[in-house]
Amino acid sequence: MTVLRRELLALLAAPTAWAADCADAPGQPYLPPCKPWPKGIEGQRKADLGDGRYLNPVLAGDRPDPTVLKDGDDYYLTHSSFEAVPGLLIWHSRDLVNWQPVANALKEAVGSVWAPDLCKHKGRYYLYLPVKSTPADILVMWADRIEGPWSKPVALGLHKHIDPTHVADENGQRWLFLSGGDRVRLSADGLKTVGAIEHIYDPWHYPDDWDVESFSPEGPKMLRHGGWWHMLLAVGGTAGPPTGHMVIAARSRTLEGPWEQAPHNPLMRTTSPRERWWSRGHGSLVQGPRGDWWMLYHGYENSFHTLGRQMLLAPARFSADGWFHVDVDDGQPLPMPAGGQALPHGLALSDDFAGSTLKAHWQFLSGSGQMPRARIADGKLHLRATPGKGPGDSAPLGFIQGDLAYEVELDLDFDEGVQAGLVVFYSPRLYAGMGANAKSFQLHRYGLDIRAVPKPVGMPASSRRMQLRLTCVRHVLTLYSRADASQPWTKFPVQMDVTGYHHNTAGGFASLRPAIYAAGNGEARFSNLRYGALD
């Protein structure tokens, strides 16, 4: 019997009593904290506890594969956006804990965008982004200002690698380090490769009796410190068993090698399903405001795979032998980085649809060429329907959220030939929620359009104007509707458990997101969308 299987059996057999302060009860089975997180915009979770400490995640919700750039006193980061468009939302911080959005760098569909690299070279910002498409490739974009405009992506012709990281050596030669321990030389402008791919490192391998998803060496991150080049990699697979993903390290005096494995590999790994964070990996080292060292990385929250891989922060340290270590409990409150400035954290997800521009958090979650379908006018989001029956074949528009419990309400009206609705969406194969057409409601469940449901008492069967409400409370999805604010909410006759709507069930590396859709022939109009986190 493996260690993980013994841990899981012990977890199932253990008593569920929990101390009053859940986060301070070591050795107990993990449960979500009893004490509420400090509340940010709309009651959303935020990390800054307001007392000189923070509690992970520093960016709640699906923010995987973080890439961070220190630019003077400022920090910028982005993360994988996969099929969602627009993508590569850039965030800004001055203390590594409080983050606010800047702009989406990628405005067009290019495929599934995996772990990017954000860097700056000779005053210009670059994004190197691996894309799963036909063919797969690594693309590069650049901008003279972090907020853009960003150039159109240029393909580098790297069809067999992912997770690039840019680095310039002591002579100014630019390189991309790639998955699998490989690298390739770049041109002086960073927009082309020069020469063949070189293999320069064989990654450290974990013991065979560990429970992991796969070897999958990826996500190299490079750092020059103390006369050494340090390379961080992720191995073990990004999902699968909670103990699989991990951070390893190696170092060399030159980028050519030879590379020496860290004697304490792995530097970070979930070792028990009792821990608060699972599948921790894909780390990047960055200096804090006072010059100390920190690691940004991602992990799944125990029991909440539906939220995707969230962004975590932990202090790092270099020991006298020149190796760095990350050896704190990142599930507990930790001291804030010293010397930073706290910016207002997060972004509002509620939307009155004022102005004429779609706000940065909205994304089409599948398909390509979808952006022209959406326009903002007269305080409404006008969403042109596409042929289809529901969110599986008519790309929905949604957003990332990071709360364990939340609600969404909106006003809806639609044309005669349209079915429109409010759902939680993982992929075209997996979603749940409700739609409405001129005859009835539609139940969506398991990624299927299950059956028609009569409209509630007080709402005419032919009504095409209504209010919809959705709550998702620790995976329990409840739906409501009413004709207008003068009527009480009517609960939908079916409630659903969406615990399994995530990558380990359906693949895709995404998260379960609130979304709206319009299918058929015509247009749906959404207004007064209100988001709120629930206790």
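## Basis

The model is predicted: local features need pLDDT of at least 70, side-chain atom pairs count only at pLDDT 80 or more, and totals for chains, interfaces and linings use all residues. Residues are numbered from 1 along each chain as its sequence is written, and side-chain values use heavy atoms, with hydrogens and water left out.

Helices (H or I, at least four residues) and strands (E, at least two) are DSSP runs, numbered from the N terminus. Buried means under 20% relative accessible area, exposed over 50%, and partly exposed in between (1.4 Å probe, protein chains only). In strand β21 (residues 293–301), 9 of the 9 residues are buried, so the strand is largely enclosed by the rest of the structure.

Two strands pair if DSSP finds at least two bridges between them. Strand β20 (residues 277–287) runs antiparallel to β21, with 7 bridges, and Leu-285 stands opposite Met-295 in β21. Their hairpin has 5 residues between the strands, and Gly-291 there takes a positive phi near 95°. Strand β22 (residues 304–318) pairs with β21 over 9 bridges, also in the antiparallel sense; the bridge partner of Trp-293 is Ala-316 in β22. The hairpin of β21 and β22 has 2 residues between the strands, and Ser-303 takes a positive phi near 75°.

## Asp-182

Asp-182 lies in strand β13 (residues 182–186). Asp-182 is buried yet has no salt bridge, and the nearest side chain of opposite charge, Arg-183, is 9.0 Å away. Here Lys and Arg count as positive and Asp and Glu as negative, while His and the chain ends are not counted. A salt bridge is a side-chain nitrogen of Lys or Arg within 4 Å of a carboxyl oxygen of Asp or Glu.

Polar contacts (N or O atoms within 3.5 Å; within protein, one able to donate a hydrogen and the other to accept it, with residues adjacent in sequence counted only if both atoms are side-chain atoms) join the side chain of Asp-182 to those of His-161, at 2.7 Å, and His-199, at 2.6 Å.

## Cysteines and salt bridges

There are 0 disulfides, taken as pairs of cysteine sulfur atoms within 2.5 Å. Cys-119 is buried at 7% relative accessibility.

The whole structure has 31 salt bridges. Lys-39 forms one with Asp-535, the closest N and O atoms being 2.9 Å apart. Lys-39 is partly exposed at 49%, and Asp-535 is exposed at 67%. Asp-117 and Lys-221 form another, at 3.5 Å between the closest N and O atoms; Asp-117 is buried at 5%, as is Lys-221 at 8%.
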